[in-house]
Every structure is written in C-alpha cells, then in structure tokens.
Amino acid sequence: MTDRAQIDAEGLNPGDPLPMLPGHVSHGRFERVLRAGHFAVSTEIAPPDSADPDEVLRRAALFDGHVDAINATDGSGANCHMSSLAVCALLTREGYSPIIQISCRDRNRIAIQGDLLGASALGVCSVLCLSGDDVSVGDHPEAKPVFDFDSVSLLQTVRTLRDESRFLSGRQLDLPPRLFLGASINPFAPPHTARVDQFAKKVAAGAQFVQSQYCFDVDMAREFMARSRDLGLTERCFVLMGVGVLASAKTARWLRSAIPGVHIPDAVIRRLEQTEKPKAEGRRIAIELMQQLAEIDGISGVHLMAFKQEEWVGEIVTQSGVLQGRKPWAPAHLAHLKQPASA
Amino acid sequence: MYSVRLWSVRHSRRMEWLYNTFNPLVVKLLRGVVKVFGRRLDKPITKAEALAKGFFFDCKMCGDCALSRTGMSCPMNCPKTLRNGPCGGVRENGHCEVKPEMRCVWVAAWDGASRMKNGDVIRETNFALDHRLKGQSSWLKMARDD
C-alpha cells in the first residue's frame with residue numbers, strides 16, 4: 001500500500017505517472033516491484049469482443065490485489081479482439097500497470113513506432129515484444145501478414161526510441177517513451193539447445209524482462225535457468241515463468257496438439273485424468289508449479305495465464321504463497337466493479 | 001526445392017567453404033563488370049543469382065543475403081520471415097507451426113550452423129530487412145557497397 005500512500009501524499013490521480021526512481025527506465029510499478037527484489041506475479045487479460053470500456057475494467061478487477069502487472073494481448077492466436085493499446089489506455093486511467101503486448105504480425109515499423117509513443121503518452125510503462133502468431137491460425141486467415149519486424153528488431157526499435165530519443169529514420173523525438181522492455185521466451189520447444197541462445201539474443205537486443213510460454217515441466221525450466229545463469233542472463237534480465245491453469249485432461253491434450261510450442265508432460269495429463277475434480281486439480285497443479293518455480297535461482301516471478309478461469313487467479317496466487325504476504329496495489333475506487341453485473 | 005534446401009543445410013560446412021572461397025572472387029569480378037557495364041548487366045546477373053541460390057536454398061531474393069550467418073538455411077522461407085531465430089511455436093518434431101510439413105528453417109539453421117567453422121555468427125542480432133532491396137541482387141550489392 002505504500003504506492004497508494006505515495007499517490008495520496010503527492011496528490012496524484014491514479015492514472016498519473018509515479019516518480020521515476022534512480023536506475024529505472026520507466027515510471028511503472030511493475031519495474032519497481034522487480035527491481036526491489038520482490039517475487040512478481042503478472043497475468044493476462046483477455047481483451048473483449050466489445051466496445052464496452054466497463055467490460056475491460058470488470059475483467060481487470062478480478063485480479064485486484066493479486067497481480068503486479070496485467071498483459072493486454074495483441075490479437076492473440078491471430079484472432080480479432082479489442083486492441084492492446086486501447087485496453088492499456090483504459091487500465092492506466094485507473095492506475096493499473098498494464099504491459100502492452102505488441103506483435104509484429106499486423107503493423108509495420110511506421111505504425112509500431114507511433115503506437116509506442118502513444119502508449120507511453122497514455123501512461124503505459126511496460127511493453128512485451130512478440131513476433132506474433134501467423135494469420136493462418138486465427139479467425140481471419142485471409143488477412144495479409146505484415147512481419148516487417150521480428151521480435152528482436154522490435155526490441156531494438158523500442159530501445160532506439162527510448163535510449164537514443166529518435167525514430168529509426170534518425171528524426172529526433174522531443175520526449176522519448178519511458179518503457180520497461182520485455183520479450184517472450186519458450187524454453188520448452190525445439191531447437192532446445194538454441195533456446196538459451198535465443199534468450200541471450202533478446203537480452204542483447206534490450207530485453208529487461210521476459211515472460212515464458214506455459215511451463216509444465218519444472219525439470220526443463222531448471223535446466224534452462226542453469227544455462228541462463230551460466231551466461232549471466234539472469235543478472236541482466238528478470239525471468240517470469242509462464243504458468244497455465246488446465247481445466248481438464250481433454251483441454252490439456254488439445255493445448256498440446258493444437259497449440260504448437262506448448263509442452264505438457266504425460267504425468268500432468270495423467271493427474272488430470274485420475275481425479276474426480278479436474279478443474280480443482282488443474283488449479284492445484286498451477287499452485288504447485290508456482291511454488292516450485294519460485295524456488296529456482298534466477299526466476300523473478302510467474303506469468304499466470306488462466307484463460308477462461310480468470311476468476312480463480314486470486315485464489316491461486318494466495319494459496320501458492322509466492323507473494324509472501326505482499327499485496328500488490330489495486331485501485332480502491334473501482335470496488336463497485338468487483339461484482340459482475342450478470343452475477 | 002525443399003529436398004535440395006535440406007541437403008544444403010546438411011552440407012553447410014562444404015557450402016561455407018564454397019562461399020568463403022568463391023564469394024570474394026565473384027564480388028571482385030562483379031566489381032569489374034559494374035565498372036565497365038554500369039547497370040546494363042544487372043538483370044542477367046540478378047537472374048543468375050536467383051537461379052543458383054533458388055536451386056540450392058529456395059532463395060527468395062530478399063536482397064540482403066543472410067545465408068552465411070544462418071547455417072545456410074534461408075530465413076525468408078519462414079512463413080513469418082523471422083531473421084533472428086525461431087518463434088515459440090516450433091512443433092515437437094522440429095517442424096513449422098504454420099507449415100507442418102516443413103522443417104522449421106531456424107531448427108535447420110542452428111543445425112547447419114553447428115557444422116560450420118564460423119557458425120557462431122548465428123548468435124548475432126540482425127536488424128529488420130530494408131524492403132526496398134527485395135528482388136535485387138545481393139552479389140551486386142556487395143560489389144557496389146565498397
């Protein structure tokens with residue numbers, strides 16, 4: 001609650017930027033939590049298929065007091081939803097600390113640089129650079145894929161804007177965007193030996209934090225982290241491991257076969273099969289994963305992806321105990337949105 | 001052709017040797033050609049490059065050849081044209097998420113690079129492509145660059 005106290009003391013609105021601390025690159029709370037050495041929890045908000053701003057706030061309110069940052073996905077799975085920039089703008093107005101996801105699939109370098117300036121102007125302090133899913137897997141397979149950048153070029157671009165205060169063209173910016181720079185990693189997909197090198201490449205391109213694809217294999221994560229530590233990557237970059245909440249053995253099998261790059265060991269699926277309450281077991285698995293990952297040297301947090309199970313995020317985080325009693329900031333003035341209108 | 005492309009990656013060491021041996025000669029020769037003929041021979045030279053590299057690597061004539069830095073696997077064959085490594089969607093069998101019948105070009109790239117003498121350059125970052133170069137000759141670009 002210290003942030004809240006600071007906001008009150010300094011007479012800021014919830015959406016106003018916090019003062020930037022020495023050694024920080026952004027005004028954001030997410031960077032503060034990580035640099036202070038706390039174990040962080042981030043999660044994902046599913047942008048609505050709607051133009052209703054309250055729907056965004058309702059979905060965000062589910063995470064109040066349990067997460068340090070909320071990723072706003074950018075047409076995930078190449079499906080059309082409300083834009084990540086708009087979701088972030090709605091969230092920053094209320095004081096939330098969103099992470100804007102930018103994928104290279106839909107926009108070229110002109111649009112992306114414009115959006116980065118706009119995001120920073122709207123109070124967004126963290127950005128996650130992604131290549132993006134191909135249009136062929138989404139609901140508009142006839143669309144033109146852009147991929148003017150890849151994720152590494154995108155990272156380099158944000159760094160150029162922020163640290164050199166110029167566009168790629170060389171034209172100067174009056175005020176550079178203050179963005180904490182993130183990327184994704186997937187230690188669980190081939191080419192396995194090259195995945196650490198891929199991580200290193202992203203750090204070299206400017207990544208200050210990374211969030212991973214679903215981790216269901218702690219041994220694999222442990223090995224990946226050992227190699228990352230050997231390369232000194234964990235000293236230069238915060239690692240948040242992705243944790244998923246499986247609803248049933250059937251969903252797990254579907255995820256494994258339909259979403260390339262998702263690795264789920266048979267033992268996990270067996271656990272879901274052998275129980276009478278697969279949903280509760282799925283949450284149990286997520287909690288155990290979080291606890292085990294928190295023990296691994298070099299892991300600074302978890303990124304909890306609870307698609308269609310967002311209402312359980314609070315309970316999962318609380319039961320895992322990874323926050324060690326710390327309560328992330330949440331906007332108190334939105335308490336009335338806690339109860340969904342339909343409930 | 002897909003099978004030839006895979007062969008080229010399997011023989012990346014030999015390809016690297018060929019590249020290191022003949023590329024300086026080709027560039028030298030082209031520098032002379034450019035001096036004498038100006039731009040008049042650009043078309044046939046570009047065509048020759050497209051045919052040769054098309055046969056061995058399924059080259060897409062991006063105009064900024066990265067083959068020697070990507071294990072002799074052309075990154076432009078990636079459906080997302082990623083030039084800095086694989087995406088997160090590589091299948092368990094090492095194939096592409098978009099084209100399941102195709103081996104991921106970056107799985108191939110790391111494989112090819114592991115056999116090359118100077119394969120480590122695959123670790124370096126490459127900035128996004130200049131799209132104005134598409135369809136142009138990388139050989140002529142090298143000849144004119146210095």
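The legends below describe views of a predicted model.

**Figure 1. Overall form of chain A.** The C-alpha trace of chain A spans about 60 × 45 × 45 Å along its principal axes. A compact globule of 343 residues would have a radius of gyration near 20 Å, and the 19 Å of chain A agrees with this. Chain A contains 13 helices and 8 strands. Of its 343 residues, 50% count as buried. Among the contacts in chain A with a separation of 6 or more, 79% join residues 24 or more positions apart.

**Figure 2. The barrel of chain A.** The 8 strands of a closed barrel follow one another in the order β1-β2-β3-β4-β5-β6-β7-β8, and their pairing is parallel. On average, neighbouring strands of this sheet are turned by 30° against each other, with direction ignored. Helix α12 of chain A, residues 278–295, packs on the sheet. There α12 touches β7 (238–244) and β8 (299–305) of chain A. The direction of α12 makes about 160° with that of β7(A).

**Figure 3. Strands β1 and β2 of chain A.** Strand β1 covers residues 40–45 of chain A, and strand β2 covers residues 69–72. The two strands pair in the parallel sense over 4 bridges. Within this pair, A:Ser42 stands opposite A:Ala69 in β2(A).

**Figure 4. Helices α11 and α12 of chain A.** Two packed helices are described by the angle between their axes and the distance between the axes. For helix α11 (residues 266–273) and α12(A), the axes come within 8 Å and cross at roughly 145°. On the α11(A) side, the contact is made by A:Val268, A:Arg271 and A:Leu272. On the α12(A) side, it is made by A:Pro278, A:Glu281, A:Gly282 and A:Ile285. By class, the residues of this contact between α11(A) and α12(A) are 4 nonpolar, 1 polar and 2 charged.

**Figure 5. The contact between chain A and chain B.** Chain A gives 25 residues to this contact, and chain B gives 24 residues. On the side of chain A that touches chain B, the elements that give two or more residues are α6 (151–163) and α7 (195–204) of chain A. The largest share of that side, 4 residues, comes from α7(A). Sorted by class, the side of chain A that touches chain B has 10 nonpolar, 9 polar and 6 charged residues.

Technical notes:
Residues are numbered from 1 along each chain as its sequence is written. Chains are lettered from A and ligands numbered from 1 in the order in which they are written. This is a predicted model: local features need pLDDT of at least 70, side-chain atom pairs count only at pLDDT 80 or more; totals for chains, interfaces and linings use all residues. Two strands pair if DSSP finds at least two bridges between them. Axes are lines fitted to C-alpha atoms, for helices over the stretch in contact, and angles run from 0 to 180 degrees between N-to-C directions. Two residues are in contact if their C-beta atoms, placed from the backbone, lie within 7 Å. The radius of gyration is taken over C-alpha atoms; the globule rule is 2.2 Å times the number of residues to the power 0.38. A residue is buried if 20 or more other C-beta atoms lie within 10 Å of its own, exposed if 12 or fewer, and partly exposed in between; C-beta atoms are placed from the backbone. Ala, Val, Leu, Ile, Met, Phe, Trp, Tyr, Cys and Pro count as nonpolar, Asp, Glu, Lys and Arg as charged, and the others, Gly among them, as polar.
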